[in-house]
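Grab your viewer and a pencil. Here are some exercises to work through, each with a solution.

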Amino acid sequence: MTTPTTQQPGPPAAARGRPWLAAAGAALIVAGVGIEGPARRYVVAESAQFLAFAMAGPALLVLGAPWRLLRLTGPLDRLAAARRRKTSFLRAAAFLLVFIGVSAAWRLPPVMDALARHPVLVLPELITLLAAGTALWLELVPSPPLAPRLPKPHRAAIAALAMWSTWAVAYALGMSNHGVFHGYDPAGGALSAVADQEITVGLVWAVSAFCFVPVVFATLLTWLSASDNPDEELQRLTRDERQHPVVRGWGRPARGRPGS
């Protein structure tokens with residue numbers, strides 16, 4: 001009599017990743033490089049390129065990275081274990097500051113004018129934005145076997161700050177009543193310089209919200225649904241933060257009464 005063989009269950013779908021998302025992210029980045037011609041003429045086209053390199057592309061790559069198919073599970077398993085032991089908010093905040101700094105640097109008018117005049121600069125733009133965006137998204141969403149190091153409320157805060165900083169830079173540069181950028185030449189096209197900038201603001205706001213708002217809501221909703229007592233969970237997070245050393249003179253504990 002033959003005994004039925006039991007088939008070992010494979011890793012769950014969430015652990016296998018979604019390679020089609022990574023393929024979509026790579027295709028989006030290639031498409032961003034492909035619009036190099038319009039991106040040197042219109043600010044809105046260059047901004048679409050920027051969004052593909054800094055936000056949408058890295059998000060899709062991280063969400064669908066086929067680490068197991070690339071035979072990288074061994075090193076990444078060790079990296080995942082190390083990340084679980086180091087859950088500092090300051091580390092994630094450093095990645096956020098790098099993302100904000102790199103993104104803001106590539107949006108400065110002199111830098112964007114240089115991009116319009118020197119197309120070869122698209123290569124360092126792609127490399128730096130892709131690296132900063134990927135590092136940030138690894139702190140926000142799972143990329144099995146890698147998992148975010150922060151509690152869900154902290155992840156929501158990081159995502160919200162990344163989105164708001166992008167909105168602020170876009171608003172500061174785009175809502176002017178005169179042309180801020182001088183390296184672009186939309187005069188022969190259908191857009192004026194001011195209209196080009198105003199459309200750019202709307203595009204950057206919409207894509208930023210599309211990328212980061214789902215992270216904010218998903219992390220908060222899953223955290224609230226998984227926690228029986230959100231107030232107690234917030235108090236626990238506060239206690240964990242108080243375990244870190246404080247600056248001298250700040251956060252001194254209250255002295256107890258004599259004899260207590």
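This is a predicted model: local features need pLDDT of at least 70, side-chain atom pairs count only at pLDDT 80 or more; totals for chains, interfaces and linings use all residues.

**Exercise 1.** Work out how helix α6 and helix α7 pack, and which residues meet.

*Solution.* Start with the two segments: α6 covers residues 89-107 and α7 covers residues 109-117. Next, the geometry: the helices pack at an angle of about 65°, and their axes are 5 Å apart. Then list the contacts: on the α6 side you'll find A105, W106 and R107, which meet P109, V111, M112 and L115 of α7. Finally, sort that contact by class: six residues are nonpolar, one is charged and none is polar.

**Exercise 2.** Check the span of helix α8 against what its residue count predicts, then pick out its buried residues.

*Solution.* Now for burial, with a cut-off of under 20% relative accessible area: V122, E125, L126, L129, A132, G133, L136, W137 and L138 of α8 pass. As a reminder, an α-helix has 3.6 residues a turn, so residues three or four places apart point the same way.

**Exercise 3.** Describe the largest pocket: its volume, its lining and the helices behind that lining.

*Solution.* Volume comes first, at about 200 Å³. The lining has 14 residues, and L140, V141, P214, V215 and A218 lie nearest the centre. Trace the lining back to helices: α4 (43-64), α9 (152-174) and α10 (193-226) each give at least two residues. The largest share, six residues, belongs to α10. By class, the lining has eleven nonpolar, two charged and one polar residues.

Technical notes
Residues are numbered from 1 along each chain as its sequence is written. Side-chain values use heavy atoms; hydrogens and water are left out. Axes are lines fitted to C-alpha atoms, for helices over the stretch in contact, and angles run from 0 to 180 degrees between N-to-C directions. Helices (H or I, at least four residues) and strands (E, at least two) are DSSP runs, numbered from the N terminus. Contact means heavy atoms within 4.5 Å. Ala, Val, Leu, Ile, Met, Phe, Trp, Tyr, Cys and Pro count as nonpolar, Asp, Glu, Lys and Arg as charged, and the others, Gly among them, as polar. On a 1 Å grid over the protein atoms alone, a cavity is a set of points where a 1.4 Å probe fits but cannot get out, and a pocket is an open set with protein on both sides within 12 Å along at least five of seven lines; lining residues have an atom within 4 Å of a point. Grid points are joined across faces, edges and corners, and a volume is the space filled by probe spheres set on the points. The expected span of a helix is 1.5 Å times one less than its number of residues. Buried means under 20% relative accessible area, exposed over 50%, partly exposed in between (1.4 Å probe, protein chains only).
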